[in-house]
Amino acid sequence: MAASSHNSFPRSPNPSTRSYDSSSVSSATSPRPQIQLLGNLMGSSSRPNTAQAPQPIGIPPLPPATQTGFQPYTPVTATSAMGRDSLPPTDSVASTPGLSSAQLSANVSAQKRAYRQRRKDPSCDACRERKVKCDATETTSCSECSSRNVKCQFTKETNRRMSSIKQVQDLEKQIERVRRENSNLRRTLAERGEHMDVDAEGAEQLLQHPPELNSEPRKRKRVTSLLQDPSRARAAFRDFSRGVLKPPAPYRQPQVAIVTFDRPRPPLPPKSTVDKLLHTYYGAAHIMMPILHWPTLQHQVEELYQNTSNLQRVPMSWHSMFFAVLAVGSLFSIDPYPDRTLRAGEFLEASRSLTDPWNNDFDLDNVRASFLVSLALNELNLKSAAWSSLGCAVRSAQDLDLHLEVTGVRSRVEADMRRRVWWAIYILDRSLSMELGRPFMIDDADCDVALPEPFDDHFLHTEGPVHPPNVVPLTHFLHAIINIVRSFSAMRKAFSSPVVEPPRLATFDNHFIACQKMFPEACEANNASLIAPHMLMPLAYLLSARLYLHRQNLAPGCPWEARSDAIQQCKVTAIETANLIAQTNATLADTATALLVTHVFRSTLFLLFTGYYELASTCMRALKSIDVRRDVTIPCGRYLSFFLQILGGKRRELVSLYSRSTTPSYHPQTALPDSRAIQDALLKDEELLIYVSADMQASTEASWVWVGAEHEAPLAVPTSTTGAGLAHPDTRTGLNSKEREDWGGWDSLLDLARNLASTAASPAPGYAPRAQTLPPIKMEPGANISPGGTTEPGSSRNSPTAAAASGSRSTERISIANII
């Protein structure tokens, strides 16, 4: 009869049908205060037994609360009601060894009394009014409310035993509502230009989300003077504080002193050469980072060449900046290799020779020169040198208070140039730090400079912007790039977690979707219109940011579901990159930046890794057209050659393994290994995941390939020329002459990809590659490329559709011998 005394319905844990007398409840089971109840809920268990009643001798104690803690999504069963365990059945008690029948009867009666003294579960409002039993749980409504289609709630003031879980949920909703209201108040105050102190929790919330598009940075608090007219104190302070401190940059007086640092001025290049280099600089750098007022620069260059005999009249800071501009322009010129690189190195040396290493009084041209030198070194694949030069640009810019919105600037053009220079430095700091896996030099909390005015240079004047109606006022992409890289601080904050959760990924993806709308419609993923190749340079910031975001979850510490989703999202970005390359109406050789090259390289890795060989070939043909014009391209090609060989070897091993595991009695055609299973096995290969992560392994915190390397013997590294300056290719590529040639060239890479495509199945259905033709690849004389690599504009080799057709034909010609 033990089973009959056990209630099989979860409506009430009390098996007795008699009325419940609350006066018989002991103090240990009386309702606890609300504070104690909430404190217990927030602990490790839902109902810890802090004041457990003494158990009768011979009766096993109740299971601890930690054994059956509250599980939000666990269904309620007959043995567990309202999150509490029922007592063990009486037959388990009767089987306890060493007990007589009298002791057993006494124990059973004591057990029933202890059970009946437990507190009754609370009833909802409707059940209390109807005086019926309530079987509500923490996660489900009671059967009475469900049958009557009413809300099951615990709101009666007379019901002191209100559901604790619902109390916690109500408190969480109130906290979330208060947070939303605080966020709206902060946004309103920021729009009004007023300041509000943000607590640590609020600042943490702000760092977790990217800023809104085109939103101004939060204004910093300024100290006001209690003197109505502090001019007398200001004049005395300016006089007697010399040598002790320097006033803020807008309030410094121009110094008239004898110039002690005056080096011999390098000779100027011909005016025709300067005009060509300025044109290439405008198309490659100025459309993204317009740090120069172009009409003013053109006027200054004309004055410079009017009197070339007396160059000492030109300020050295401007002269150094001028040679840095020519160096960047040389890197994007149409001159053959290696003339363009050698001339860029000469201009950089000339700029460096005009820089005072002990300068203590900076101006805006000093900052521009340091920034442009860093930009050129980055294009030359000298990342550490670019990082060092960028540090000089950041510190000199902060010395001029470019990171603050000041009011002492008299000209609208000068004020906007200050903003542009600072935001250009900010962009390079964010992009270079994310690529190298190093900390940011600039803290967003220290800056409140406004965004640049949305007008082109020829519309900016001293009094303000003036532009005719029905004319597009802005054609450069500075604002779009700023909105992209401002999210990097929140991304780096998200990367500090072991895994970037889906809600945070969705937040960043929505932000990047909004950023993409700032570009022309032809740049959208579902648009088949042709685009100019220079459009891919600013788009590289957006595409690489999306790849950085999702690639973070490839780390071994992430669950496999997150790693699989990261691979798929990176594949989507890589497919979009390949489609944009196919939509260009000209070659990328003269316009591709180092950032674009490295992003195309990463996209190629993911396309090869996921089996999209034709789109990977599109990316590799684009890299082939760039080749030695960017020094990072050859190392990327050598890495891709290694990755293709490893990928092909692993695929052949899996094909052989799956072929041996098939049943011999099957027909040979049905004994083919499952290509989908082979591809899934490749995606789970840990070694391939290391290789496909590529430059992610450059970070000490994010890498995992170097674990345990400190215990290994150093490898024999081939000798290479170091300290040879900018002119030597070993310095710029990190490879010696043999390593730059032993990987086989781009044609061998295309052949390897074509062979993999002929033996592998087509990608998963649902994606149709675009039928655009890749622009004709223009070969430059002197380039170290194997013959036979040129293609004609109408060649089918550049067409993804034609290549796919040839791949399908080669797949049909697989012989039985190859299958065996």
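Below is a list of stops, each with something to select and something to look for. One thing to keep in mind throughout: this is a predicted model.

**Stop 1: the whole chain**

Start zoomed out, with the cartoon view on. The chain has 29 helices and two strands. Now colour by burial if your viewer can do that: of the 820 residues, 44% count as buried. Contacts are worth a thought too. Take those between residues at least 6 apart in sequence: 74% of them join residues at least 24 apart.

**Stop 2**

Select lysine 131. You'll find it in the loop between helix 4 (125-130) and helix 5 (143-148). Is lysine 131 buried or exposed? Its relative accessible area is 74%, and the cut-off for exposed is over 50%, so lysine 131 is exposed. Check its backbone as well: phi is near 55°, a positive value in a residue that isn't glycine.

Next, move to asparagine 149, in the loop between helix 5 and helix 6 (164-192). Asparagine 149 isn't a glycine either, yet its phi is positive, about 60°. With a relative accessible area of 70%, asparagine 149 is exposed.

**Stop 3: helix 9 and helix 10**

Select residues 271-286 for helix 9 and residues 294-306 for helix 10. Two packed helices are described by the angle between their axes and the distance between the axes. Here the angle is about 165° and the axes are 12 Å apart. How do the two helices run relative to each other? An angle over 145° counts as roughly antiparallel, so that is the label for helix 9 and helix 10. Their crossing is right-handed.

Now show side chains. On helix 9, the contact uses Lys271, Val274, Leu278, Tyr281, Tyr282 and His286; on helix 10, it uses Trp294, Leu297, Val301, Glu302 and Tyr305. Sorted by class, the contact has eight nonpolar residues, one polar and two charged.

**Stop 4: histidine 476**

Select histidine 476, in the loop between helix 15 (412-436) and helix 16 (478-485). Leaving out residues up to four places away in sequence, histidine 476 touches His286, Ile287, Pro290, Arg420, Phe455 and Asp456.

How far apart are the C-alpha atoms of histidine 476 and methionine 288? They are separated by 5.8 Å, although the two residues are 188 residues apart along the chain.

Zoom in on the side chain of histidine 476: it reaches the backbone nitrogen of leucine 478 at 3.3 Å. The relative accessible area of histidine 476 is 10%, under the 20% cut-off, so this residue is buried.

**Stop 5: a cis peptide bond**

Select tyrosine 337 and proline 338 and look at the bond joining them. The peptide bond from tyrosine 337 to proline 338 is cis, with omega near 5°. Proline 338 is in the loop between helix 11 (316-331) and helix 12 (339-353).

**Stop 6: helix 19 and helix 21**

Time for another helix pair. Select residues 536-551 for helix 19 and residues 594-610 for helix 21. Their axes come within 9 Å and cross at roughly 45°. That angle makes helix 19 and helix 21 oblique to each other. The crossing is left-handed.

Which residues make the contact? From helix 19 they are Leu536, Ala540, Tyr541, Leu543, Ser544, Leu547, Tyr548 and Arg551, and from helix 21 they are Leu595, Leu596, His599, Arg602 and Phe606. Nine of these contact residues are nonpolar, two are polar and two are charged.

**Stop 7**

For the last stop, select glutamate 741, in the loop between helix 26 (729-733) and helix 27. Glutamate 741 is exposed, with a relative accessible area of 54%.

Then go on to helix 27 (residues 746-759) and pick out serine 758. What does the side chain of serine 758 reach? It reaches the backbone oxygen of asparagine 755, at 2.6 Å. Serine 758 counts as buried, at 15% relative accessibility.

Definitions and conventions. Residues are numbered from 1 along each chain as its sequence is written. This is a predicted model: local features need pLDDT of at least 70, side-chain atom pairs count only at pLDDT 80 or more; totals for chains, interfaces and linings use all residues. Side-chain values use heavy atoms; hydrogens and water are left out. Axes are lines fitted to C-alpha atoms, for helices over the stretch in contact, and angles run from 0 to 180 degrees between N-to-C directions. Helices (H or I, at least four residues) and strands (E, at least two) are DSSP runs, numbered from the N terminus. Angles under 35 degrees count as roughly parallel, over 145 as roughly antiparallel, 65 to 115 as roughly perpendicular and the rest as oblique. A crossing is left-handed if the near helix is turned anticlockwise from the far one by less than a right angle, and right-handed if clockwise. Contact means heavy atoms within 4.5 Å. Ala, Val, Leu, Ile, Met, Phe, Trp, Tyr, Cys and Pro count as nonpolar, Asp, Glu, Lys and Arg as charged, and the others, Gly among them, as polar. Buried means under 20% relative accessible area, exposed over 50%, partly exposed in between (1.4 Å probe, protein chains only). A polar contact is a pair of N or O atoms within 3.5 Å; within protein, one must be able to donate a hydrogen and the other to accept it, and residues adjacent in sequence count only if both atoms are side-chain atoms.
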